[in-house]
Amino acid sequence: MIRKTFLLLFSGYLLVPGLSFAAARWYSDDQVTRGAGLYASHCAECHKTNAEGTENWRKKDSNGKYPPPPINGTAHAWHHSIKVLANTIRDGGIKLGGVMPAFKDKIDARQTLDVIAFFQSKWDDKVYSAWLERNPFPQQEKVSAGKNVSDKKTITDPRIVNLQKILPGSAISTPEKTPVNGLYQVRIGGKYVYVTENGEYALIGNLLDLKNGINLTRQAQVRENIPLLRSFPENDSVIFRAEGKEKAAISIFSDTSCPYCKKFHKEVPHLQKAGVSVRYIPFPRGGNKGPGYKEMLSVWCSEDRNKAMNIAMGVSKGKLENGSCGADKVLRAGFVLGKKVGVQGTPTSYLPDGSLISGYVPAQKIIERVTQKK
Ligand code: HEC
């Protein structure tokens, strides 16, 4: 029950499976290059130079063990998420009765990802797309492995260990002191939880400094959200600029298929007239199989993104070109950022002070909030 409540509060999105289309790879060429070197020195002796594995990998050898399988996409490796692949590399197969050694003392988490990038580069598009369908946002997966990666905090700190039990797989920040003795603040996907020193109790809510009238939780959120939001490149956003002198700018995580995003978009001209710039950050709420994904890809691939956005949001007529310009990366980055700053649904707006508005709010309300001095 507790776990359910937590999951409701913190799990963001159901990734809905659907159409499939060729997609960009999650890794960079540099990663593949680095991975190739690591692969050659650690893996090639068994999985062979191009990850093609042993010919008769389906048959046990004379010791009753399976020989090294192909990991070039022709066997089962593509059934696994990055996390599972990374765990296999970290822990090996010996514990499970296999023969693959553990690499946890030899390569760290980053190198593990590099090696995965290398052998995934051997997967053809069809296999990769099938894999991506099961793992729509590979970059989001947390990989823990290796000697340089400190698992210590995660393993021994009871404040984190107990939270992790009910929220497996979540990134939980290092606990920070609060003014309340014995109460620590941790950040989980843009939200805050307070835990006791022994990790036995946790509470969700706003911590208020009554003496000074400050909402400490909000203050913390704001402090962390602003730099994160700034880190998203302007070039990757679609900006509807303020008319005349800009008084304020807001960032909105949006999906062109969401009705309330469309409703809000109709009011964007009011904001512009009032001196407020509106910056759209893509948040494909259904992952890369979601209803708005293709459309957003077209918007982000258009030469005139504002025009395309107006079409996608239904305020002007026209046809959207099919887009495949590598903007997958941008949509993914928007999604990943959204999860970090606590987006739970679309639209979610961030005001210049870093505070968040969930869902549709009339433009007029926003204008009042951002253009009037308190
Ligand atoms: C000593 C031989 C050996 C070495 C070295 C080795 N592997 Fe393996 N690997 C195996 C065998 C054998 C299996 C099948 C499971 C088992 O027996 O442990 C396997 C399984 C795997 C799997 C799971 C495949 C699937 O279909 O589920 C992955 C992924 C993998 N290895 C990656 C690597 C990577 C990456 C490296 C180098 C960092 C590596 N292996 C090094 C022998 C090896």
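Reader: Which residues coordinate the iron atom of the ligand?

Author: In this predicted model, the iron atom of the ligand is coordinated by His-47, through NE2, and by Met-100, through SD, at 2.0 to 2.1 Å. The pair links distant parts of the chain, since His-47 belongs to helix α3 (residues 44-47) while Met-100 sits in the loop between α4 (82-91) and α5 (109-120), 53 residues apart.

Reader: What arrangement do the donor atoms around the iron atom make?

Author: Ideal angles for six octahedral donors at a metal are 90 or 180 degrees. Here the 6 donor atoms around the iron atom of the ligand subtend angles of 85 to 179°, and the arrangement is therefore octahedral.

Reader: Are His-47 and Met-100 buried or partly exposed?

Author: Buried means under 20% relative accessible area. His-47 counts as buried because its relative accessibility is 10%, whereas Met-100, with a relative accessible area of 23%, is partly exposed.

Reader: Which polar atoms lie by the oxygen atoms of the ligand?

Author: An N or O atom in the side chain of His-80 is 2.9 Å from an oxygen atom of the ligand, a polar backbone atom of Met-100 is 3.0 Å from an oxygen atom of the ligand, and a backbone N or O atom of Ala-77 lies 3.2 Å from one.

Reader: How should I read the length of helix α9?

Author: At 1.5 Å a residue, the 15 residues of α9 (residues 216-230) should span 21 Å, which agrees with the 22 Å between its end C-alpha atoms.

Technical notes:
Residues numbered from 1 in each chain as written. Predicted model: local features only at pLDDT ≥ 70, side-chain atom pairs only at ≥ 80, totals over all residues. Heavy atoms only, no water. Helix = DSSP H or I, 4+ residues; strand = E, 2+ residues; numbered from the N terminus. Expected span 1.5 Å × (residues − 1). Donors = N, O, S within 2.8 Å, 3.2 Å for Na, K, Ca; no water. Tetrahedral: all angles 85-135°; square planar, octahedral: opposite > 155°, others 65-115°. Buried < 20%, exposed > 50% of the residue type's maximum accessible area, 1.4 Å probe, protein only. Polar contact = N/O pair within 3.5 Å; in protein donor to acceptor, adjacent residues only side chain to side chain.
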